[in-house]
Amino acid sequence: MSGDTLTANGILRFFNPDTNTDTYKPTVQINAIKKCTAGGGANKNKLLVSDGTHFTTMLSVGDDIDKVIADDTVRKNAVVKVERYNVTSSNNKHFVLVLEVSILSYPDHKIGNPVKLSDEQIQEEVGKTQAPVKTVSTTAPSYQTGGMSAANTGAAPTNIYPIDSLNPYQNKWTIKARVTKKSDIRTWSNARGEGKLFSLELMDESGEIRCTGFTQAVDKFYDLIEEGQVYFISRGTLKTANKQYSAVKNDYEMTMNSDTSIVKCEDTDSGVPEIKMQFTKIADLENCENNSFVDVIGVATDVGDVQSITARA
């Protein structure tokens, strides 16, 4: 079957600095799938991925791929085309995050006799000098490190990541999100010093995430960001969310840093919803976790009188 032809040196090319992550879509085989627990307690899948010569372990990230693994569309020995991925690093080790695949075939055997791609081979590939690219431009660049312009009308990035695929293991991503809530600036002063902060709630069609900016980020971004508008956001710091201070439904939260880029999306038809609700049936409320936040829709059948209460100290 033509679908059984795997991309030559496909695994190694994931780690080559000259490989374009937007256009590289190799054909590989899934030799094994294993459940694991990622940061924040989220359940993920480790994939043993082969090109027939080498294999390496990758991590599935996001609903797009996790759903097709859960329903057995992606299974052992499946031959797939990797549609979207990201290469990241942790503790000087590089690995691939798989975001989306398409199924090509289901052979009943392992293709070739692949051997494990060693850390040394990966480091050698990562360390290769990226080929210089000559460019000529007559306009200002669309993206500026650490800043944004409300009048920027540059072309949109081609590789947009859904919010629900973000995690601390990624270091190259861009989201396209609507600001559904923008807080006032708050200040603090304690023994360690003083400062100020503000927060945003960001949403796309996949989910939502909270984003916080401190002191310098307040000066840089606060007056430029409008509630209800859509922005391209990249290079924020991701960490496990503190659910005590946020009702946003995400295991992670974002912090703006000196490298964060925020660029307004000028497309009036952005494709990003203005509000996203996940309704819970009234009959199911008793099954919800204590102190959790839920969306409920219903008809008010009775309105009581206003009463006064005395709260205990």
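Trainee: Where is Val296 found relative to strand S14?

Mentor: Val296 is found in the segment after strand S14 (261–264). Helices (H or I, at least four residues) and strands (E, at least two) are DSSP runs, numbered from the N terminus. This is a predicted model, in which local features need pLDDT of at least 70, side-chain atom pairs count only at pLDDT 80 or more, and totals for chains, interfaces and linings use all residues. Residues are numbered from 1 along each chain as its sequence is written, and side-chain values use heavy atoms, with hydrogens and water left out.

Trainee: Is Val296 buried, exposed or partly exposed?

Mentor: Buried means under 20% relative accessible area, exposed means over 50%, and partly exposed is in between (1.4 Å probe, protein chains only). Val296 has a relative accessible area of 40%, so Val296 is partly exposed.

Trainee: How many helices and strands does the chain have, and what share of its residues is buried?

Mentor: There are 4 helices and 14 strands, and buried residues make up 41% of the 313 residues. The chain exposes about 18,800 Å², with carbon and sulfur atoms supplying 48% of it.

Trainee: What share of contacts in the chain between residues at least 6 apart in sequence joins residues at least 24 apart?

Mentor: Contact means heavy atoms within 4.5 Å. Among the contacts between residues at least 6 apart in sequence, 63% join residues at least 24 apart. Thr212 counts as buried, at 10% relative accessibility. Leaving aside residues up to four places away in sequence, Thr212 touches Phe198, Ser199, Met254, Thr255 and Met256.

Trainee: Thanks! How many aromatic pairs are there?

Mentor: A pair of aromatic rings is described by the distance of the centres and the angle of the planes. Rings of Phe, Tyr and Trp (its six-membered ring) pair if their centres lie within 6.5 Å; planes under 30 degrees apart count as stacked, over 60 as edge-to-face and the rest as tilted. By this rule the count comes to 5 aromatic pairs. One of them is edge-to-face because the rings of Phe14 and Tyr24 have centres 5.5 Å apart and planes at 75 degrees. Phe14 and Tyr24 both lie in the loop between helix H1 (10–13) and strand S1 (27–37), so the pair ties together parts that are 10 residues apart in sequence.

Trainee: Which residues do ring pairs link into a cluster?

Mentor: The cluster holds Phe14, Tyr24 and Tyr85. The rings of Tyr24 and Tyr85 have centres 6.3 Å apart and planes at 80 degrees, so this pair is edge-to-face too. Tyr85 sits in strand S4 (residues 79–90), 61 residues from Tyr24. Phe14 is buried at 2% relative accessibility, and Tyr24 is buried at 8%.

Trainee: Which charged residue sits over the ring of Tyr106?

Mentor: A charge sits over a ring if NZ of Lys or CZ of Arg is within 6 Å of the ring centre and within 35 degrees of the ring normal. The charged end of Arg75 is placed over Tyr106, 3.8 Å from the ring centre. Lys182 lies over the face of Tyr222, at 3.9 Å from the ring centre.

Trainee: How many salt bridges does a search of the whole structure find?

Mentor: A salt bridge is a side-chain nitrogen of Lys or Arg within 4 Å of a carboxyl oxygen of Asp or Glu. The search finds 7. One of them joins Glu83 and Lys25, with the closest N and O atoms 3.7 Å apart. Glu83 lies in strand S4 and Lys25 in the loop between H1 and S1, so the pair ties together parts that are 58 residues apart in sequence. Glu83 is buried at 19%, whereas Lys25 is partly exposed at 35%.

How values were computed
Areas by Shrake-Rupley, 256 points an atom, 1.4 Å probe, with all protein chains shown as cover.
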